[in-house]
Amino acid sequence: MYWCKIARTQFEFDEIAKLNYETFVEEIPQHETDPSGTRVDPFHEQNTYLIVLADTAIVGMIALREERPFSLDKKIGPVENFLPDVEKMCEIRLMAVRKAHRNGRVFFLLARALSDYCYERGYGAAVISGTTRQLKLYGQIGFRAFAEPVGQGEAVFIPMVTTRKQYGQSVASRLQTKRKLFHPGPVHLTKELAAPFTEESVSHRSSTFQALYEDVRDRLVELGESFPHLLVGSGTLANEAMIAQLKKEPAKGLILVNGEFGNRLKGQAARWQLDFEVLEAEWGHSFSMEKLGGELEHGEYGWMLMVHGETSTGMLNDLEAVADLCETYKVKLCVDAVSSFGAVSFSLKKVWLATAVSGKAIGTMTGIAVVFSHHEIESDPALPAYLDLGLYENKVPFTLSYPLLKSFKQALEAYPERYSLLSERFEILKSSTQDWPYLTADYPVLLTFKAEDEFEHFPLDAHLSGYELHAKSTYLKDRNLFQVSCIQPEFEQDWQMFMKFQEAYSRYHLT
């Protein structure tokens, strides 16, 4: 199989020098022959090389650099004079593919890797001194001439540029295979869940809409054992609406933090100027129920706020144990279940308020924010109308998308069987990665790993090869972590392809 990475080792640079010689000395006689059979680019120390491998053999490469002046600067003057609207750009120095692998697949993989890398680095454009022999090839990546040709005879070069927009409209972009997703949201929609978005919309004031709304609400009651309020928005909005209800609570609260999303709850509560204390555990570690019980016994708390599925570290906090403690000490428990709802079966009977969304593990498009409550909520004129859950008790007070609601209903109809499907996938995920550098392995749809040793550059190289792991969030980058999720609809077949990539990647690093 073909896959892509950034060249980082001397072995890789030596192989690139051989490929350069084969291409630009023996095949295209641009340079003098050399007994070494190698050709090192004059800008080698400044170049970044994207390479394509067939299993463990390097078969293609493309080189780029951002240090100025570019070779084009020396030929035509500063390229900004011709491209005034581009703030940051790079120059493509070399592109070569071994003859036996010039089948299109390597070229398109290089093109996508180049686009991905440029996007990651924030480049708005890439320029190249194009040879007249490869104009069709350049055009397939979206390159267009932006200045008159320079040079003469066999050494005529055409200043060319491709931008994100031009690449997006190119042949290479159109023919790329779909990326394999392994992050915890958003999810690709199945045909069935995408179908409602092609239908005519229905007014949220109509009887048809009301019947659908009640079906969704009833289904949510079955799954959560609590009454749902449906808002248009993300999980963050759901948490805002939940936390807003605490504004009128007279007693102070306790917020549990052992990850990024616990920190976010703390930040949101601070914005609402709530009176609270914080109980922290180390990231990736469970809360001590003994310590928590002691805090509740002596702290005079009226409410508690916690995250159930702490996806930043792959932790599933013990909701049942915390709920029992809150019941014992008569503390109102509020739970961020945005990532865990739909991933694993649990009851909200002992939870005062909880949040969920239509996306994530449930499997449809994000956009419906859900706040569960086991008590009736009265309207509060002191709150912003959109966050006033009392207005949502028995009606739809504001516009709600009919196609989104219908897709949500269809996704909910997959339960409870979907719990078993996700559990089976998770077992596949665990058994396939048991030798990887784990951080945690107890979240039902997500595993967290350390990006170290042979996995140091794994997320980026996987990305360049068309496999999307969860690694770009700041809280993961800061801790050198990456994650793999099994909630995407095509997980089984995509995972088989991904494991072939990982096996080749592993073999390559052992050679």
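1. Buried is under 20% relative accessible area, exposed is over 50%, and partly exposed is in between, with a 1.4 Å probe and protein chains only. As background, nonpolar side chains in soluble globular proteins tend to be buried together.

2. Before going on, a word on provenance: this is a predicted model, where local features need pLDDT of at least 70 and side-chain atom pairs count only at pLDDT 80 or more, while totals for chains, interfaces and linings use all residues. Residues are numbered from 1 along each chain as its sequence is written, and side-chain values use heavy atoms, with hydrogens and water left out.

3. Back to methionine 304. Leaving aside neighbours within four places in sequence, methionine 304 is in contact (heavy atoms within 4.5 Å) with Leu254, Leu256, Leu292, Leu296, Val322, Cys326, Val331, Lys332, Leu333 and Cys334.

4. Two of those partners bring up the cysteines. How many disulfides does a search of the whole structure find? It finds 0, taking a disulfide as a pair of cysteine sulfur atoms within 2.5 Å. The sulfur of cysteine 326 has its closest cysteine sulfur in cysteine 334, 9.0 Å away, which is too far for a bond. Cysteine 326 counts as buried because its relative accessibility is 1%. Cysteine 118 is in no disulfide either; the nearest cysteine sulfur belongs to cysteine 90, at 3.8 Å. Cysteine 118 is buried too, with a relative accessible area of 9%.

5. Helix H9 (residues 235-244) is mostly covered, with 9 of its 10 residues buried. Helices are DSSP runs of H or I of at least four residues, strands are runs of E of at least two, and both are numbered from the N terminus. The buried set is Gly235, Leu237, Ala238, Asn239, Glu240, Ala241, Met242, Ile243 and Ala244. These buried residues pack against helix H10 (260-271) and several strands, including S9 (227-232), S12 (303-307) and S15 (332-336).

6. On to the rings: a search of the whole structure gives 36 aromatic pairs. Rings of Phe, Tyr and Trp (its six-membered ring) pair if their centres lie within 6.5 Å; planes under 30 degrees apart are stacked, over 60 edge-to-face, and the rest tilted. Tyrosine 438 and phenylalanine 449 make a tilted pair, 5.2 Å centre to centre with 35° between the planes. Tyrosine 438 is in strand S18 (residues 438-443) and phenylalanine 449 in strand S19 (residues 446-450), so the pair ties together parts that are 11 residues apart in sequence. Tyrosine 438 is partly exposed at 25% relative accessibility, whereas phenylalanine 449 is buried at 0%.

7. Phenylalanine 455 and phenylalanine 458 have ring centres 5.2 Å apart and planes at 80°, so that pair is edge-to-face. Phenylalanine 455 is buried at 6% relative accessible area, and phenylalanine 458 is buried at 0%.

8. The criterion is NZ of Lys or CZ of Arg within 6 Å of the ring centre and within 35 degrees of the ring normal. Arginine 65 lies over the face of phenylalanine 43, 3.9 Å from the ring centre. Arginine 68 lies over the face of phenylalanine 70, at 4.2 Å.

9. Next, a pair of serines. Serine 129 is in strand S5 (residues 125-131) and counts as buried at 14% relative accessibility. Its side chain makes a polar contact with the side chain of lysine 75 at 3.3 Å. For a polar contact, take a pair of N or O atoms within 3.5 Å; within protein, one must be able to donate a hydrogen and the other to accept it, and residues adjacent in sequence count only if both atoms are side-chain atoms.

10. Serine 312 sits in the loop between strand S13 (309-310) and strand S14 (315-316). Is serine 312 buried or exposed? Buried, at 1% relative accessibility. A polar contact of 2.7 Å joins its side chain to that of glutamate 310. Beyond four places in sequence, serine 312 has contacts that include Trp283, Tyr475 and Gln483.
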